[in-house]
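Please look over the sequence and the model first.

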Amino acid sequence: MRRLLPLFALALAAPADAAPPRAAFTIVETGQSFETIDAAVQSVRMGTATILIAPGTYHQCTVQAGGVITFKAATPGSVIFEGTTCEGKAAFVLRGQGSTVDGIVFRGMRVADGNGAGIRTEIGDLTVRNATFLDSQEGILGGHPSGQKIVIDHSSFAGLGQCDQSTDCAHAIYLANQGSVTITHSRFERGTGGHYVKLRVPNVTITDDSFDDTRGTKTNYMIDLPEGATGVIARNIFVQGRNKENWTGFVVVGAEARTYPSKGLRVETNEASLAPGESRSPAFVADYSHAPLGIGNNRLGPGVRAFERR
């Protein structure tokens with residue numbers, strides 16, 4: 001069996017208490033620098049810009065209200081946004097025309113309603129790469145009822161989720177739109193409640209990721225598609241732990257509604273196993289949609305049942 005993807009060393013090696021320099025946020029296109037992330041963002045207005053962020057730990061947040069902005073760490077993993085949220089939502093609240101977040105660590109986000117996130121996406125396409133989300137109520141949350149396109153690549157999610165601080169659970173990733181979500185080459189581990197990935201979208205691509213639940217606590221599904229979806233879930237590695245609130249399925253389709261067609265959803269060439277000492281027998285794919293799914297060539301460890309229709 002292939003090894004689980006390691007957490008990204010650069011992100012975890014980021015200095016815990018590095019003092020940020022003055023004028024740490026630079027607009028690459030103009031060379032203008034700012035002392036706060038929000039001042040840099042507001043200067044962009046409806047334009048297009050890359051904000052280069054110097055290494056350091058920042059207790060700041062921002063709301064992007066327009067434009068197309070790339071938030072880029074000068075060195076991946078050297079920029080940490082810790083513990084501060086805007087609008088009681090997230091460190092980055094994004095409702096511009098488009099956003100890219102590259103190489104940034106988000107840590108310790110908590111708010112009163114239980115949904116404190118590193119990123120809250122509300123409008124506009126979003127790309128997240130080389131990012132890390134740690135020890136928060138939620139990693140990435142949001143979406144827009146449009147053809148929004150969200151791409152998450154080479155990122156890590158650990159110590160996220162909760163089901164006991166609010167009426168509804170929070171998850172490592174929870175997104176909804178009428179477009180698509182793509183998650184590739186990313187790692188999920190040590191969940192603290194809810195699902196690792198929950199998507200209310202018509203089209204999904206979840207490939208080449210690892211889900212290590214061995215140190216998870218009170219977790220639920222690895223991937224939840226509660227209203228159905230088409231697309232592909234392939235070449236992922238899953239290990240299910242013992243401390244579960246819901247252990248009955250790894251990948252669950254249509255548990256709440258059949259809003260989106262699931263016919264042809266491909267779940268293939270994945271590897272799934274149970275952590276040592278886990279004696280229960282979950283289904284790898286649990287299907288409520290009753291659509292013809294494309295399930296095949298998955299390598300399943302002892303105790304993991306291939307499929308269950310519910």
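## Basis of the model

The model is predicted, and local features need pLDDT of at least 70, side-chain atom pairs count only at pLDDT 80 or more, while totals for chains, interfaces and linings use all residues. Residues are numbered from 1 along each chain as its sequence is written, and side-chain values use heavy atoms, with hydrogens and water left out.

## The sheet

An open sheet is formed by 10 strands with parallel pairing, in the order S4-S7-S9-S11-S14-S17-S20-S23-S26-S29. Strands S4 (56-58) and S29 (299-300) are at the edges and have a single partner strand each, so one side of each has no neighbour in the sheet. Strands here are DSSP runs of E with at least two residues, helices are runs of H or I with at least four residues, and both are numbered from the N terminus. Two strands count as paired if DSSP finds at least two bridges between them. Strands of a sheet pair through backbone hydrogen bonds, either parallel or antiparallel.

S4 runs parallel to strand S7 (residues 79-82), and 3 bridges join them; Tyr58 is opposite Phe81 in S7. S7 in turn is joined to S9 by 4 bridges, again in parallel, with Phe81 opposite Phe106 in S9. Between S9 and strand S11 (residues 132-136) there are 3 bridges in the parallel sense, and Val105 is opposite Thr132 in S11. Strand S9 (residues 104-107) is covered on both faces: Ile104 and Phe106 are buried on one side, Val105 and Arg107 on the other. Buried means under 20% relative accessible area, exposed over 50%, and partly exposed in between, with a 1.4 Å probe and protein chains only.

## Helix H2

Helix H2 (residues 37-44) has buried residues Ile37, Ala40, Val41 and Val44. Viewed down the axis of H2, the buried residues fall within an arc of 95 degrees, so they line one face of the helix. The arc is taken from the directions between the helix axis and the C-beta atoms.

These buried residues pack against strands S1 (25-27), S2 (33-34), S3 (48-53), S5, S6 (68-73) and S7, where contact means heavy atoms within 4.5 Å. Just after H2, Arg45 has a positive phi of about 55 degrees.

## Disulfides

The count is 2 disulfides, a disulfide being a pair of cysteine sulfur atoms within 2.5 Å. One joins Cys61 to Cys86, with S to S 2.0 Å. Cys61 is in the loop between S4 and strand S5 (62-64) and Cys86 in the loop between S7 and strand S8 (90-102), so the pair ties together parts 25 residues apart in sequence. The torsion about this S-S bond is about 85 degrees, so the disulfide is right-handed. Cys61 counts as buried at 15% relative accessibility, and Cys86 counts as buried at 12%.

Cys163 and Cys169 form a disulfide with sulfur atoms 1.9 Å apart. The link of Cys163 and Cys169 is right-handed, with 115 degrees about the S-S bond. Cys169 counts as partly exposed at 28% relative accessibility. With the bonded cysteines of the chain numbered in sequence order, the pairing is 1-2, 3-4.

## Asp212

Asp212 is in strand S20 (residues 210-212) and counts as buried at 12% relative accessibility. Which side chains does the side chain of Asp212 make a polar contact with? Arg187 is one, at 3.1 Å, and Thr214 is another, at 2.7 Å. A polar contact is a pair of N or O atoms within 3.5 Å; within protein, one must be able to donate a hydrogen and the other to accept it, and residues adjacent in sequence count only if both atoms are side-chain atoms.
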